[in-house]
Amino acid sequence: MSSTELPSVPAANVLPRVAPVRAEEGERLRSVELPGLTLAVRSRPPARQDLPPALYVHGLGGSSLNWSSLMAQLDDVVDGEALDLPGFGDSSPPDDGNYSVSGHARAVIRLLEHSGRGPVHLFGNSLGGAVSTRVAAQRPDLVRTLTLVSPALPELRIQRTAVPTGLLALPGMAAFFTRLTREWTAEQRVRGVTALCYGDPDRVTPEGFRNAVQEMERRLQLPYFWDAMARSARGIVDAYTLGGQHGLWRQAERVLAPTLLIYGGRDQLVGYRMARRAVRAFRDSRLLTLPDAGHVAMMEYPETVATAFRELLADTGESRAPGAGSHSAGTDTDDGTSGVSIGG
């Protein structure tokens with residue numbers, strides 16, 4: 001956000017009553033009050049009480065729901081929580097209207113400091129990957145390992161299919177998109193997002209699609225929905241152009257935590273070719289490539305992503321549970337998906 005813009009955040013007492021985000025079976029939802037922030041946090045009780053903590057950070061337009069499938073796969077090795085970033089899911093807009101990558105990173109850091117759960121196994125997808133990279137670089141004391149699924153790190157040549165997301169960052173574009181899509185049904189919107197974010201949209205179950213439509217209907221009732229989208233998109237663009245020590249690639253080089261990088265061959269938002277650069281940038285990294293996956297591999301192939309993470313735990317001596325078997329990068333399984341990503 002430029003210094004000349006005033007945050008257009010509705011006052012808390014005028015926000016409409018909107019149904020809360022759905023909780024999957026076995027999940028718990030709670031609200032965490034922080035200075036200038038109110039964050040919604042989704043958790044799944046671990047199989048044992050002595051498991052190390054994990055925190056999951058979603059992407060642009062997503063929510064903590066994006067991690068439900070993977071959280072269920074890993075509840076025997078980590079004590080997992082997933083937050084809704086400010087302005088997304090059930091989290092209200094930040095008081096200062098700051099949706100930059102640094103602003104979101106501060107929200108993650110504040111939550112970790114408040115909970116005292118750090119250091120955590122930190123997961124991030126897309127925008128959440130950029131946010132998690134910044135957190136790991138700036139606060140290594142809070143991060144045990146880092147797992148990035150299609151992280152939104154700067155690309156010199158963005159894919160044509162990613163251009164509309166970038167255009168959302170332009171002033172006035174959110175209002176234009178609102179007018180342009182006014183007649184679109186929630187079902188049409190979800191089909192478009194699914195086609196953009198999934199390598200194979202047919203992997204989404206009928207139940208998952210119905211749930212996603214309900215979630216889209218809920219979001220469209222929020223008066224700050226497009227504002228949060230546009231300002232967060234602008235935050236990504238600004239982070240892409242930032243150089244020096246605060247540049248995301250420079251910060252990636254400073255990450256000390258063992259890092260698992262996951263890229264999909266059919267990703268229309270983050271270039272598959274960026275995997276090689278990421279491996280070079282993160283000093284202690286391993287790579288999983290999924291040729292048939294799109295932008296949200298943790299939703300399309302949760303079992304495969306979970307297997308790779310278990311291997312990371314075994315490699316780094318962090319594993320406290322059996323089942324960290326061998327995994328070959330570049331392969332995938334036929335596991336299903338219970339939901340659909342809204343955004344990426």
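Where is Ser-150 found? The points below answer that and then walk through the rest of this predicted model.

1. **Ser-150.** Ser-150 is found in the loop between strand 6 and helix 4 (163-167). Its phi is near 45°, a positive value in a residue other than glycine. Most residues other than glycine have a negative phi. Ser-150 has a relative accessibility of 1%, so it counts as buried.

2. **Ser-126.** Ser-126 sits in the loop between strand 5 and helix 3. Is Ser-126 buried or exposed? Its relative accessibility is 6%; buried means under 20%, so Ser-126 counts as buried.

3. **A cis peptide bond.** Check the step from Gly-118 to Pro-119. That peptide bond is cis, with omega near 0°. Most peptide bonds are trans. Pro-119 lies in the loop between helix 2 (101-115) and strand 5.

4. Strands of a sheet pair through backbone hydrogen bonds, either parallel or antiparallel.

5. **The antiparallel end.** Strand 1 and strand 2 run antiparallel and are joined by seven bridges. Across this pair, Glu-33 stands opposite Thr-38 in strand 2. The two strands make a hairpin with two residues between them, and there Gly-36 takes a positive phi near 75°. On strand 2's pairing with strand 4 (residues 79-83), the sense is antiparallel and there are three bridges. Here Val-41 stands opposite Leu-83 in strand 4.

6. **Strand 2 and Ser-43.** How many of the seven residues of strand 2 are buried? Six are, and the strand is mostly covered. Ser-43 belongs to strand 2 (residues 37-43). With a relative accessible area of 14%, Ser-43 is buried. Leaving aside neighbours within four places in sequence, Ser-43 is in contact with Gly-26, Glu-27, Arg-28, Met-71, Gly-80 and Glu-81.

7. **A parallel pair.** Strand 6 (residues 143-149) and strand 7 (residues 259-264) run parallel. Four bridges join them. Leu-146 stands opposite Thr-259 in strand 7.

8. **Ser-132.** Ser-132 is in helix 3 (residues 127-138). Its relative accessibility is 1%, so it counts as buried. Which residues does Ser-132 touch, not counting those up to four places away in sequence? They are Val-57, Leu-122, Phe-123, Gly-124, Leu-146 and Leu-148. Ser-132 and Thr-147 are 15 residues apart in sequence, and their C-alpha atoms are 8.8 Å apart in space.

9. **Helix 2 on helix 3.** These helices pack at an angle of about 65°, with their axes 9 Å apart. The crossing is right-handed. Helix 2 contributes Val-101, Ser-102, His-104, Ala-105, Val-108 and Ile-109 to the contact. Helix 3 contributes Leu-127, Ala-130, Val-131, Arg-134, Val-135 and Gln-138. The contact residues divide into eight nonpolar, three polar and one charged.

10. **Helix 6 on helix 7.** The axes of helix 6 (residues 186-197) and helix 7 (residues 206-220) come within 9 Å and cross at roughly 115°. Helix 6 is therefore roughly perpendicular to helix 7. This crossing is right-handed. Ala-186, Glu-187, Arg-189, Val-190 and Arg-191 in helix 6 meet Phe-209, Ala-212, Val-213, Met-216, Glu-217 and Leu-220 in helix 7. Seven of the contact residues are nonpolar, none polar and four charged.

Technical notes
Residues numbered from 1 in each chain as written. Predicted model: local features only at pLDDT ≥ 70, side-chain atom pairs only at ≥ 80, totals over all residues. Heavy atoms only, no water. Axes fitted to C-alpha atoms, helices over the stretch in contact; angles between N-to-C directions. Parallel < 35°, antiparallel > 145°, perpendicular 65-115°, else oblique. Left-handed = near helix turned anticlockwise from the far one by under 90°. Contact = heavy atoms within 4.5 Å. Nonpolar A, V, L, I, M, F, W, Y, C, P; charged D, E, K, R; others polar. Pairing = 2+ DSSP bridges. Buried < 20%, exposed > 50% of the residue type's maximum accessible area, 1.4 Å probe, protein only.
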